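Hi,

Here's the structure I said I'd pass along.

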Amino acid sequence: MDFGLSEDQRLWQASLSAVLQHVAPLERVRAFAAGTEPVARDVWSALAEAGAAGLLVPERHGGLGLGLLDAALTVEALGGQAAPAPALGVYLASLALASAGRESQQARWLGSLASGQALAGVGLSEAVLGGRDGAGVEVREGRLSGRALFVIDSAAADLLIIADREGGLHLVEADTQGVHASPLTTIDLTRRWGEIVLEGARAEPLGPSDGVVLSRLRDAAWTLLAADMLGASQTLLDKAVAYAKERRQFGRVIGGFQAVKHMCAEMAAALEPCRALVWYAAYAFDALPDEASLAAAHAKAHLSEVSRFVARTATEVHGGIGITDLLGLHFWFKRVGVDRQILGGPESVRDLAARLQGLDDQAA
Amino acid sequence: MDLALSPRYAAFAKEVRAFLLDHRSQWPGPGASRAEIIAWQTQLITAGYAARTIPAAYGGHGAAPDILESRLIAEAFIDTGAPGPLGGQGVSMLVPTLLEVGDEAQKQAWIGPTLRGEILWCQGYSEPGAGSDLASLTTRAYEDGEDFVINGQKIWTSTAHLADMIFCLVRTEPDAPKHDGISYLIFSMKTPGIEVRPLRTMTGHAEFNEVFFTDVRVPRTQVVGGRGAGWRVANTTLKHERGMLGDPHAAEARLAAITKLMREETLGGARLIDNPVLRDRLMRLQGEVLAMKANGLRLLTLNLRGESPGLAGLIVKLQGCELNHQLAALAIDALGELGILYHDSPRLRADGVWQQRYMFDLGLIIGGGTAQIQKNIIAERGLGLPREPKLAAS
C-alpha cells in the first residue's frame with residue numbers, strides 16, 4: 001500500500017521542470033500567445049527529447065509505456081509553466097491507438113507520436129456533452145461528415161481522432177480531402193483549439209463503436225485537464241505567496257496582514273487535497289476500473305471549482321499589478337478558465353457523475 | 001503508487017475482522033456497564049487491537065508502531081460495526097503526552113488504567129478569558145507546603161461530569177512571561193473544591209461543562225513535564241487533538257447516509273435526488289469527500305515513508321470540519337420542511353441528527369483551534385508568511 005510518487009516520478013518532475021524553465025520561460029509563452037505559430041515546435045521537440053511525447057506509447061512502438069499518472073504529472077508541469085505544448089492531443093491519441101487501434105494503425109502512428117514528429121487533434125466534445133450550433137459528426141459508408149468543435153490541439157495535427165454522435169471513434173488523416181480545420185480563438189492563447197469541418201472525409205474506425213473507448217478517452221481527458229489546472233493553480237498560489245512576502249504597504253509586507261494571510265491559507269487549504277485527488281483519478285484510470293470514471297469526473301469538476309477560486313484570489317493578492325499584461329499572471333488565470341469548460345464545466349461533469357452512479361431521474 | 005495490500009497486511013486485516021466478529025457477543029452495547037466496557041477493552045488490548053503500540057510495561061500491547069496496521073484495525077472496526085477501541089481525551093491526548101514527557105511513576109500509575117477504561121479523563125485548557133489565546137490563562141495554583149492550591153475556572157470541558165480525573169493547565173509562576181508560567185497538572189475530579197456545571201449549547205444538549213476550582217489542593221508531584229513547562233506539554237497534546245478532528249471517515253459515512261436519504265425521501269412524488277440542484281450539491285460534496293479521502297491516503301503514505309506531512313496535514317482540521325458541516329447543511333436543505341423538525345417531534349427524520357450535527361459541528365469548526373487560527377497556522381507554517389505579532393507578555 002503506497003499512495004505517493006515513486007523516486008522515478010520525482011526525478012521526472014525535476015528534469016521536466018528544468019527543461020520547461022529553459023525552453024518555455026514566460027517570454028516564450030508570451031511570444032507564442034502573441035504570434036500565429038500553430039505549434040511551438042521548439043518546446044515540443046525539447047519535451048519529446050526528454051521523453052515526454054512517448055510516455056503513453058507502448059515500448060514496442062518506441063515509447064515508454066507508462067501510465068496516466070506519469071502523463072498527469074507531465075501535464076501538471078505544463079500547466080505550472082503555462083507552456084505552449086500540444087501534449088493533451090498526443091496523449092489522448094496515444095491512448096486511443098494503443099487501446100483500440102489495429103496493428104497497422106499503431107505501426108503507422110505510434111512511433112511518430114512518441115518521437116514528437118507527429119501531432120494529434122482530438123474531438124470528443126459533441127459525443128461527451130452533446131452538440132451545439134448544429135455540430136456533430138455522422139458516419140456514412142466509412143466517411144465522416146459534420147462538424148466537430150473545440151477539437152483539442154487541432155492546429156498542427158497530422159492525425160485527428162474524432163468521435164461521432166453515436167460514440168464511435170474515427171481516425172482521420174488531417175490532410176485528407178474533405179477535412180477543413182480552422183481555429184477557435186479562446187481566452188487562453190497558450191494552446192490552440194479548433195473547429196473541424198468534415199465533408200465525406202475518409203476515416204478509419206478506431207475500435208468498436210460501443211462507446212467504451214470514448215468513455216476511456218473522456219476519463220483520461222478529464223484527468224489530464226484536472227492535472228493542468230492543478231499545476232496552473234499551484235503556480236498562481238506560489239506567485240501570490242511570493243508577492244505577499246515582498247510587497248510592502250503601510251510599512252510592512254502585506255503577507256503580514258491577516259486578511260492577506262488568510263486569502264493565501266484558503267487557497268492552500270482548497271488546493272492541497274486536489275493533488276491527491278488528481279493522483280487518485282490517474283491511478284484509478286490504470287488500476288481501479290470500477291472507480292475510474294467517477295474519480296476522473298470529480299477530479300475535473302473539483303479542480304475546476306478550486307482553480308477558479310485560486311485564480312481570482314491569487315490575482316487579488318497581487319492587487320492592481322495582478323491584472324496587468326506586464327505581470328503575466330493572466331496566462332494562468334486564462335489557462336484554468338479554459339480547462340474548466342473544455343469537455344464540460346463542473347455542473348455538466350457532475351451531472352454525468354450522478355448518471356455514472358445511477359443517481360439521475362432516468363434511473364428511478 | 002499501489003493501493004493493493006501486500007499478502008501480509010491482507011492477512012492481518014482478515015485476522016482483525018475475524019477476531020471482532022468472533023467476539024460479537026462481548027461487544028458492549030449502548031447501555032453497557034462500565035465493567036463490560038473495561039472487559040472488552042482489556043480483551044482488545046490483549047489481542048493487540050487497542051493500545052497496540054503502547055509499551056506492555058505501561059499496560060499496552062507493546063507492538064512495534066506500524067501505521068498501516070493501525071489503519072487496517074480502524075477500518076475493521078468501522079466495517080464490522082464493532083465498538084471501537086476506547087477513544088476520548090484520556091486515550092487520545094493524555095496517554096501520548098505522558099509517554100512523551102511524563103515521569104516513570106506517572107506512566108506506571110495512569111497509562112494502564114486509562115487504556116482499559118478504568119479512569120476517564122477530561123481536559124482543562126480553555127477559560128472564559130483564554131480561548132484562542134490559551135497562554136493567557138489565569139487559573140492560579142500557588143504553592144502551600146507539599147501542595148498546589150488551585151483557584152479559577154475552566155470552560156468547554158466536555159465529559160467533566162463523567163470524568164474521574166482531569167489534565168489541567170494552571171498558572172504556577174505568575175511573574176514569568178505568559179508562556180513560561182504555566183504548569184500541566186493531573187488530579188482527581190473528586191478533589192474537594194471542584195464544581196462542575198453543565199454548559200447547554202444551541203443543540204439543546206449539554207455537550208460541555210464549566211468547571212470551577214475553589215482552593216483545590218493537589219500534590220506538587222502531580223505536575224507533568226516539569227514546573228513552568230506546561231505550554232510545551234500542552235502543545236504536544238493539541239497536536240494529538242487536531243489529528244482527531246477532521247477525519248475523512250466521518251465525512252464518507254455522512255455522504256453515504258445523505259445519498260440514501262435523498263434516494264428514499266420524496267416530495268410531490270419525486271425523489272429528492274431528482275431535484276437537479278440538490279443533486280449537484282451532493283455531487284459537489286462527493287468530490288470534496290473523495291479529495292479528502294485521497295489526501296488521507298497521501299498522509300498515510302508520507303507517514304509510512306517518514307516524510308513530513310507539510311500542508312497536506314495542516315489543512316485537515318480546517319477542511320474536514322467545514323466539509324462535515326456542509327454535509328449536514330445539505331441534508332437539512334434536502335429534507336426541507338422536514339429538516340426543521342427537532343426534539344422529539346412527530347415526523348422527525350433520523351432522530352433529528354442532521355440539525356444536531358449542523359449546530360454541533362459549528363462548535364467543532366470553532367473548537368480545537370478556530371478556523372481563523374488554523375488559517376494562521378497554514379499561512380505561517382505551511383506557506384512561510386510572517387507570524388502574527390506577539391504582544392509583550394502581560
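This is a predicted model: local features need pLDDT of at least 70, side-chain atom pairs count only at pLDDT 80 or more; totals for chains, interfaces and linings use all residues.

Chain B splits into three pieces: domain 1 covers 7–86, domain 2 covers 121–228 and domain 3 covers 245–382. Between the centres of domain 1 and domain 2 of chain B, taken over C-alpha atoms, the separation is 32 Å.

Now for the helix packing. Within chain A, helix α8 (residues 212–246) packs with helix α10 (residues 289–317) at an angle of about 25°, and their axes are 8 Å apart. Angles under 35 degrees count as roughly parallel, so α8(A) is roughly parallel to α10(A). The crossing of α8(A) past α10(A) is left-handed. As for what sits in that contact, there are 19 nonpolar residues, five polar and four charged.

α10(A) also turns up in a contact with chain B. Its partner there is helix α8 (residues 276–305) of chain B; the two axes come within 9 Å and cross at roughly 100°. That falls in the 65 to 115 range, and α10(A) and α8(B) are therefore roughly perpendicular to each other.

- From α10(A): L294(A), A295(A), H298(A), H302(A) and E305(A)
- From α8(B): M283(B), R284(B), Q286(B), G287(B), E288(B), L290(B) and A291(B)

Sorted by class, the contact of α10(A) with α8(B) comes to five nonpolar, four polar and three charged residues.

Cheers

Definitions and conventions:
Residues are numbered from 1 along each chain as its sequence is written. Chains are lettered from A and ligands numbered from 1 in the order in which they are written. Side-chain values use heavy atoms; hydrogens and water are left out. Axes are lines fitted to C-alpha atoms, for helices over the stretch in contact, and angles run from 0 to 180 degrees between N-to-C directions. Helices (H or I, at least four residues) and strands (E, at least two) are DSSP runs, numbered from the N terminus. Angles under 35 degrees count as roughly parallel, over 145 as roughly antiparallel, 65 to 115 as roughly perpendicular and the rest as oblique. A crossing is left-handed if the near helix is turned anticlockwise from the far one by less than a right angle, and right-handed if clockwise. Ala, Val, Leu, Ile, Met, Phe, Trp, Tyr, Cys and Pro count as nonpolar, Asp, Glu, Lys and Arg as charged, and the others, Gly among them, as polar. Domain bounds come from an automatic or database domain assignment. Contact means heavy atoms within 4.5 Å.
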